[in-house]
Amino acid sequence: MRALGDAADLRRTSLRIGVQTGLLVVGCLLVVGALLFAVYERAADAAADRLLRDATAHIDSPREAPPGVQVAVVTPSGRSVSPAMPDGFPDERQLAATTRDGRVRQDDVVLGGDQYTVRTAKVGDRVTQAVLDRHEGEEERGRILTALLVAGAVGVLLAALVAAWMARRAVRPMADTIAMQRRFVADASHELRTPLTLLSTRAQLLARKVHHEPGSSGQLVADLDGVLADTKVLTEILDDLLVAADTRTIPKETVDLAQLAEQCVAAARASADQEGVALVLSPSSTTALVEGSPTSLRRAVTALVDNAVGHAESEVRLTVGQVGHEVVLTVSDDGPGVPVDEAPRLFARFTSSRAERPVTQARRHYGLGLALVADVAAAHDGQVSAGDRQDGSRGARFTLTLPARGTRSRHVRHPR
C-alpha cells in the first residue's frame, strides 16, 4: 500500500512539474512568437513601402513594374496602364491631385474584399501610380503564424514530456528516501513493541503481586501503577509511529487538551521532582476540545513539558484554554529564556536549543523534541511558537495553538 502511495505521489508530482514547465514554455513561446511576428510585420511593411517607392520613382513604363505591382504612368504624351491592373484602379482622384500639386500620396484601400496599398508620386513631368496587392502578403503572414503555432504546440508537448521525465528522475530519490524513512519507522516501532510488551507484562505481574502483598508500601504501589501507565503511553506512541508511517490519513478524535495536559503533567512529575522543578497546571475556565490524534498530541505536550523541565530553575507552569476559534496551550518556565537569534531555528531538527541549567543527572538532548512539536502542530493545522515570558519575568514561553473542535478538516494529516 505504501509503495502504491509513493508511486502515485511520484506520478502526480512529475505530472504537475511537467504541466508547469509546459505552461512556462507556452509563455516563453508566446512572447518570442509575438516578437518575431512583430519584427516580420515591420519588415514586410518596410519592404512593401520600399517597393512602391522604387516603382513610382524609377518606372517609365508598365513593362518595368516588379512582380505584384501594377502601375499607371501619365506623361504629357499620354497614359499607359498595366494590363493586370485591378478593377477600380487607377485612382483618378489621386492622379489628378498629384498632377496638380505634386504631393506624394499613399493610402491603404479595401476594394472588393481585397486590400491594396496605393502610392502616387510625381517625378518631373511624369506622374506614376503604383498599386500593390497585399493579398499575397496576408497569405504569407498566415502561413508564418500557422507555422509558429504548430511549432509552439509541438514544443510545448515535447517540453512537457521531457520535463515530466526529468522530474520523475529527480523526484524518485526523494520518494525512495521517504519510503526508506517510513520503513525504518515502521520496522523500529514494530521491533520495539515486543520488548515493551514483555516489560508491560512483567510490570503488571509485579503490580498484581504487590497489590496482594500485605503491608505493601502505598508509594510503591503508586510507582508501579505509574510504570504501567507509562508503558501504556509508550505502546500508544509506537502505534502512532506505525500509523505515521502509513500514507493514508487517520480519522480524528475529540480530545480534551486540558485533560491531556493534566495527564502529561502527572506523568512528568516524578522526573521534575528529581530535577527540583515544580510542575503547575493552571485550571482552565473554558473548554479546550480539539480534534486530532490523542497520542500525537500527548507526545507534543510531553515534549514541551520535558523541554521546559530541562531548562527551568524551579517552576514550570502550564495553562490551557480556548481563545476564539482556537485552543491555546502555553508552557512557561523560569529558565534562561530564548535568545532572539535562536528563536527562528528552535524547531529545526538536531538544533541545540538555549543553554540548559546544570542538572545532577546527565541527560543528552538531541534537538528533536521541539521539531516533533512543530510536526504535530502542522499535522493538526496548528502552529507552535517560542519567546520570552510576557509577564516580564525571566524565562521562556512556548505556545501551542490548535483549531478548536469543529473548525478543521475531517482527517489528521501526518507530515511527510
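Predicted model: local features only at pLDDT ≥ 70, side-chain atom pairs only at ≥ 80, totals over all residues.
Which residue stands opposite Val69 in E5? Leu132 does.

1. **Overall make-up.** The protein chain has 416 residues, and 35% of them count as buried. Its secondary structure comes to seven helices and 14 strands. Take the contacts between residues at least 6 apart in sequence: 66% of these join residues at least 24 apart.

2. **Strand E1 and its partner E5.** E1 covers residues 69–75 and E5 covers residues 126–133. The two run antiparallel and are joined by six bridges. Val69 of the opening question faces Leu132. Val71 has Ala130 as its bridge partner in E5.

3. Val74 stands opposite Arg79 in E2. The two strands form a hairpin, and two residues lie between them.

4. **How enclosed is E1?** Five of its seven residues are buried, so E1 is largely enclosed by the rest of the structure. "Buried" here means under 20% relative accessible area.

5. **The sheet around E1.** E1 belongs to an open sheet of five strands, in the order E2-E1-E5-E4-E3. The pairing is antiparallel. Strand E2 (78–81) and strand E3 (105–111) are the edges, and each pairs on one side only. Neighbouring strands are turned by 15 degrees against each other on average, direction ignored.

6. **A helix across this sheet.** Helix H2 (residues 92–101) lies across E1, E2, E3, E4 and E5. Strand E4 spans 114–123, and H2 runs at about 20 degrees to E4.

7. Another open sheet has five strands in the order E8-E10-E11-E13-E12. Here the pairing is mixed. The edge strands are E8 (278–281) and E12 (383–388), each pairing on one side only. The twist averages 15 degrees from one strand to the next. Within this sheet, E11 and E13 run antiparallel and share seven bridges. Thr330 stands opposite Thr399 in E13.

8. H6 lies across E8, E10, E11 and E13. Its direction is at about 25 degrees to E11.

9. **H6 against H5.** These helices pack at an angle of about 35 degrees, with axes 9 Å apart. H5 passes H6 in a right-handed crossing. From H5, the contact uses Leu257, Leu260, Ala261, Gln263, Cys264, Ala268, Ala272 and Glu275. From H6 come Pro294, Leu297, Arg298, Val301, Thr302, Val305 and Val309. These contact residues divide into 11 nonpolar, two polar and two charged.

10. **H6 against H7.** Here the angle is about 145 degrees, and the axes are 9 Å apart. H6 passes H7 in a left-handed crossing. On the H6 side, the contact is made by Ser296, Leu297, Arg299, Ala300, Ala303, Leu304 and Asn307. On the H7 side, Gly369, Leu370, Leu372, Val373 and Val376 take part. The residues divide into eight nonpolar, three polar and one charged.

11. **The largest nonpolar core.** Which residues have the most contacts inside the largest nonpolar core? They are Leu257, Leu279, Leu304, Val316, Leu329, Phe398 and Leu400. The core has 40 residues. Helices H5 (257–275), H6 (294–311) and H7 (369–379) each supply at least two of its residues, as do strands E10 (315–323), E11 (326–333) and E13 (396–403). H6 gives the most, with eight residues.

12. **A separate core.** A second core has nine residues, including Leu52, Val71, Val73 and Ala130. Val71 and Ala130 are also the bridge partners from point 2. In soluble globular proteins, nonpolar side chains tend to be buried together.

Conventions: Residues numbered from 1 in each chain as written. Heavy atoms only, no water. Core = buried A, V, L, I, M, F, W, Y, C linked by side-chain atoms within 4.5 Å. Buried < 20%, exposed > 50% of the residue type's maximum accessible area, 1.4 Å probe, protein only. Helix = DSSP H or I, 4+ residues; strand = E, 2+ residues; numbered from the N terminus. Axes fitted to C-alpha atoms, helices over the stretch in contact; angles between N-to-C directions. Left-handed = near helix turned anticlockwise from the far one by under 90°. Contact = heavy atoms within 4.5 Å. Nonpolar A, V, L, I, M, F, W, Y, C, P; charged D, E, K, R; others polar. Pairing = 2+ DSSP bridges.
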